[in-house]
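Here's a friendly walk through one protein model, written for someone meeting it for the first time. Have a look at the picture, then read on.

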Amino acid sequence: MKSKPWSGRFTEDTNQFVEDFTASISFDKRLYRQDIIGSIAHAIMLGEQGVITKAETNKIIKGLQGILKDIESDNFEFLTEFEDIHMNIEKRLIERIGDAGRKLHTARSRNDQVALDIRFYLRDEIQAVYDYAERLQDSLVSLAKTNIDVVMPGYTHLQRAQPVLFSHHMLAYYEMLERDKGRLEDCLKRLNVSPLGAGALAGTTFPINREAVARELGFEGVTKNSIDSVSDRDFSIEFLSASSIIMMHLSRFAEELILWSSSEFDFIELPDSFCTGSSIMPQKKNPDVPELVRGKTGRVYGDLFSLLTTMKGLPLAYNKDMQEDKEPVFDAVDTVKDCLRAFSEMLPGIRLNKERMLKAAGGGFSTATDMADYLVRKGVPFRDAHEIVGKCVRYCIEKGKDLYDLTLKEFQRFSKAFEKDIFDYITVEKSVNSRGVTGGTALKQVKKRIKEIEG
């Protein structure tokens, strides 16, 4: 019979298909570093508490350090027959150092061990995602500064609404990412506690020091309920939720870049190095990177819903279903980091068609609201002003004109409140810079916000 860490209870070998089906080593080997560092901390604590001898502690630490070196030098064979990363490492440790290796698992279960590993892993990866988000923010600010006074149409309902600064539009995505970073920080607060010591679900009879292990591993504290410690995956779900929101923001940005780079908009040109061509149409330049980011958003949503669905009907405490928690997390980590990186490296190479953007900003009666505000300043109630301007717009549509094509005489057909200075109010530049409230699109406000960001 094959030797398994739990084989004492069994009289038959595990069916080979079942062995392959239930093994997780193909994906959880990614946790090797966290598993080894966690095991070293556990061994140190066992030694300090007198559960194992100092000599055994030293042998275990040296053995684990050697295994870490082997894995990182690609000199370690991960075997399906040992199921997971925990047992693969433990088996090799026993082969290296003998019986001392058999004592490492004292006062520990794979249930609290894997809960520790995934928390430890996510703690590092949350910081990495955070850093990638900051890099993208830097790219957005740089792009905004380079094109600080470029005017473009702002949209609602994908219809031209009011002129805005391109730099202001870019900083809108900066603010989204700022909230994303806040969600990551908030997730980290609940994640950064150690479950080690919870055992299988009820704790342990050995006199361990959970707090010492937590301190050794850089956790802020320990979990407070052993059952919850091994059955909780809220922290993973919370990370996947935050990741899904990040991807939603990137997908919205991707959609705009795709639209803006089309011939119909012709606002921007994406760098060649982030686009591809067609196998049949030689003229094509396809925005593949934004399209893939938009597509991968659904993938991360799937990761979130996969884990939510896995967890929704599980009784306490640990269940084998929870082995399915890792692949969605790993996939989301990789996908979000790649997408953030792609955007942060693509943005500096974007070229703007400033003339086209300015012309579009002045079309579609985009300064109609400024006309209404003008009338209000002349004493006309806003609702009346709104109706007057609406009639002006309808007149322009019928005549094939824009607002700035009208003569003063034509303006005064709709209201005697119009005077010569109306022409100063319906330029896109005036429209943009008149919106000087905090958070507005006026150049002075955009510059102010950039100064705040840069400290």
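A residue is called buried when its relative accessible area is under 20%, exposed when that area is over 50%, and partly exposed in between, using a 1.4 Å probe and protein chains only. This is a predicted model, so to speak of local features we need pLDDT of at least 70, side-chain atom pairs count only at pLDDT 80 or more, and totals for chains, interfaces and linings use all residues. Residues are numbered from 1 along each chain as its sequence is written, and side-chain values use heavy atoms, with hydrogens and water left out.

**The whole protein**

Start with the parts list: 20 helices and six strands. Helices (H or I, at least four residues) and strands (E, at least two) are DSSP runs, numbered from the N terminus. The protein is more spread out than a compact globule, because its radius of gyration is 31 Å, well over the 23 Å that the globule rule gives for 455 residues. That radius is taken over C-alpha atoms, and the rule is 2.2 Å times the number of residues to the power 0.38. Boxed along the principal axes, the C-alpha atoms take up roughly 100 × 55 × 40 Å.

Of the 455 residues, 50% are buried. A contact means heavy atoms within 4.5 Å. Take the contacts between residues at least 6 apart in sequence: 74% of them join residues at least 24 apart.

**Two loop residues**

Where does Leu-196 sit? This residue is in the loop between strand S3 (193–194) and helix H9 (210–216). Leu-196 counts as buried because its relative accessible area is 4%. Beyond its neighbours within four places in sequence, Leu-196 has contacts that include Gly-38, His-42, Arg-108, Leu-116 and Val-213.

Now try Lys-103, in the loop between helix H6 (99–102) and helix H7 (110–146). Lys-103 is partly exposed, because its relative accessibility is 34%. Setting aside residues up to four places away in sequence, Lys-103 touches Leu-46, Ile-52 and Glu-56.

| Pair | Apart along the chain | C-alpha separation |
|---|---|---|
| Leu-196 and Ser-226 | 30 residues | 9.1 Å |
| Lys-103 and Gln-162 | 59 residues | 70 Å |

**A hairpin**

Strands S1 (residues 151–156) and S2 (residues 159–165) pair in the antiparallel sense over six bridges. For two strands to count as paired, DSSP must find at least two bridges between them. S1 and S2 form a hairpin with two residues between them, and His-157 in the turn has a positive phi of about 60 degrees. Thr-156 stands opposite Gln-159 in S2, and Pro-153 stands opposite Pro-163 in S2.

**Helix H15**

Which residues of helix H15 (residues 368–377) are buried? They are Ala-368, Asp-370, Met-371, Ala-372, Tyr-374 and Leu-375. The buried residues of H15 pack against helices H16 (382–399), H17 (408–414), H18 (422–425) and H19 (428–433). Just after H15 comes Gly-379, with a positive phi of about 100 degrees.
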